[in-house]
Amino acid sequence: MSFVLPETSLNLEILAGPLQGGGPLVRDYLAGAQALAPFYSGHPGDLAAYRRKATEVDARLDGVARAQVAAAIVPLGDAAQHLSRILAGDGYFVTTGQQPALFGGPLYTLYKVLGSIRLAEVLERQLGRPVLALFWIGADDHDWAEANHASLLDSQHYVHRLTVRGDPKAPPIPLSERTWGPGVDSVVDEFVSLLPPSEFRDDVVAHVRAAYTPGSTVAASFTATMELLLRGRRVAMVSSAHPAVRQTAAPVLLREVEGAAAHAAALHRQTARLEAAGYAPQVQLADEASNIMLLGPDGRDRIMRDGDGWRTRRERHGLPGEKLQQMIGAEPDRFSPNVLLRPVVESAVFPTVAYVAGPGELSYFAQLGCLFEAHGILQPVVVARPSVTLVDAKMRRLLGRIGLEPEGVRRPYQELLTEVVRREIPPAAGNALERIRRVLHESYGELMELTAEIDPTLRGPLTAARNWSTVRANEAEKRIVRHMKRRNAILVEQVRKVSASLHPDGAPQERVLSPLPLLARHGPELVAAVEAALDLTPVPVAQWHGPECGGRGG
């Protein structure tokens, strides 16, 4: 990860660099591995891929088509002029998206949007046309367990996970309709109590108390928080639940119904090819499942193929094929895409040239190229979001005292603590432990050679004895470390604070902590500084020309 310290008054270091985590597919994608070329429309390091996508967008979406969703898009900062030109047919969006969540969700949501803004700036220069970041709020999503919690650190660097308790029997309705309920009041009070005094605290407290009320929907609260965080940034926002979006998306859903079997076969073939290339699919495909969700009296439910007709998965309500198509045309507000079809809908509705993705999204895009093609759309260029770690001055001092860099903290707390404490073992004791291990290895090796002529089968028992003796030596070291932990409470506390700040709950900071406490501490300059630290300039790689959709269906 590269180190960036923008010139600001913040007493804070911003470590920004390529996406961290995500497994072999993500690592290979970032490296430009040719094995992945058949699964994407192009690599983000290939400027020709963006130009190909821009040409496809221009041919498919004129100003009339773009204007259909104009009412759904809200510009922030100075985005209005860019937005006007793009909707008139001159320019493109860099999109990213996220499901709504309490207090703005984890930090990486903010980083995705800021990365989109920076990429839009780069592509605007390269393409010579207006390019604007567009944040898609997944308000159709219904996963309450993902939306109802947030985590923050208190002044002593203990992690607090705040959870809004809801009715466990509540139907899975979209987050655009689900309200927080009375449980949110105590969570807001606890959140406020954990904020330290600062110049910006009152503004954040006022925002939280106004936005997170029992009658507020999850999506509305989240939108308000993102507007606060992105105030002054050149970006636009759109809700997936806006009537204009759902109405414009209806033809995509109708086409999905008409070609459901062929599209499912195309997804299965592409997923099988991905597995044959050595990569695990991000999304497991369910037999007979469509990519369309229906909102009914019992909440949001997936539509399944059932012979020549359809049924809902959970309630098993039957829907003849002709009736389903009539319903989509007449009541588009009741239908939405699932996780696989959503990117296709987004690209069908908006002039999207690139999508900024997290590791999970980047992985499932590898399965979707042929679904895009079945709908007559070229997949956008998928760009990995940046990873960011924030290190304040206190944490930097503690890191120096315990002899670590931030990268070294990315591991379970107990493992980190053991390593740091082990370094404190007196040199003479450490040397003695190493001598014991060396002598055991050498002496047993010599004994095995000397007894080989007596009976070769002695090697097995002697190896077991050597291993047992080594285990006992390691246990002696562990016992020493345990005693040192008890004797060195200050060092233990320093490691605990560093771990909680940079790797809370055993995960990267950006995947756990809420941005609002940091906004309360540092103010809006924090967001500007993170944005300035991000570099989304494409790093050239060999050209890709995928996806390869042999045996196309649709």
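Two strands count as paired where DSSP finds at least two bridges between them. In this predicted model, strands β5 and β8 (residues 235-239) meet that criterion, with five bridges in the parallel sense. Within the pair, Ile137 stands opposite Ser239 in β8.

Both strands belong to an open sheet of six, ordered β3-β8-β5-β4-β14-β15. Pairing in this sheet is mixed. Its edges are formed by β3 (73-76) and β15 (381-384), each of which pairs on one side only. Neighbouring strands are turned against each other by 30° on average, direction ignored. Helix α5 (residues 107-127) lies across β4 (92-98), β5, β8, β14 (352-357) and β15. The helix runs at about 170° to β4.

The loop between β5 (131-137) and α6 (144-147) holds Asp140. This residue is buried, with a relative accessible area of 6%; the cut-off for burial is under 20%. Beyond its neighbours within four places in sequence, Asp140 is in contact with Pro174, Ser240, Ala241, Arg246, Arg300 and Ser336.

A second group of strands was then examined. Strands pair through backbone hydrogen bonds, either parallel or antiparallel. Gly296 stands opposite Gly299 in β10.

Helix packing was described next. Two packed helices are described by the angle and the distance between their axes. The axes of α10 (residues 243-258) and α12 (residues 321-330) come within 9 Å. They cross at roughly 170°. Angles over 145 degrees count as roughly antiparallel, and α10 and α12 are therefore roughly antiparallel to each other. On the α10 side, the contact involves Ala250, Leu253, Leu254, Val257 and Glu258. On the α12 side, Leu324, Gln325 and Ile328 take part. By class, the contact has six nonpolar residues, one polar and one charged.

Helix α20 (residues 489-502) has 14 residues. From its first C-alpha to its last it reaches 20 Å, close to the 20 Å expected at 1.5 Å a residue. Of its 14 residues, 11 are buried, so the helix is largely enclosed by the rest of the structure. The buried positions include Leu491, Val492, Gln494, Val495, Arg496 and Lys497. Val498, Ser499, Ala500, Ser501 and Leu502 are also buried.

Backbone geometry was also considered. Most residues other than glycine have a negative phi. Asp505 has a positive value instead, with phi near 55°. This residue lies in the loop between α20 and α21 (516-522). Asp505 is exposed, with a relative accessible area of 59%. Glu288 also has a positive phi, near 70°. Its loop runs between α11 (260-276) and β9 (289-296). Glu288 is partly exposed, and its relative accessible area is 40%.

Note on methods: Residues numbered from 1 in each chain as written. Predicted model: local features only at pLDDT ≥ 70, side-chain atom pairs only at ≥ 80, totals over all residues. Heavy atoms only, no water. Helix = DSSP H or I, 4+ residues; strand = E, 2+ residues; numbered from the N terminus. Expected span 1.5 Å × (residues − 1). Buried < 20%, exposed > 50% of the residue type's maximum accessible area, 1.4 Å probe, protein only. Axes fitted to C-alpha atoms, helices over the stretch in contact; angles between N-to-C directions. Parallel < 35°, antiparallel > 145°, perpendicular 65-115°, else oblique. Contact = heavy atoms within 4.5 Å. Nonpolar A, V, L, I, M, F, W, Y, C, P; charged D, E, K, R; others polar.
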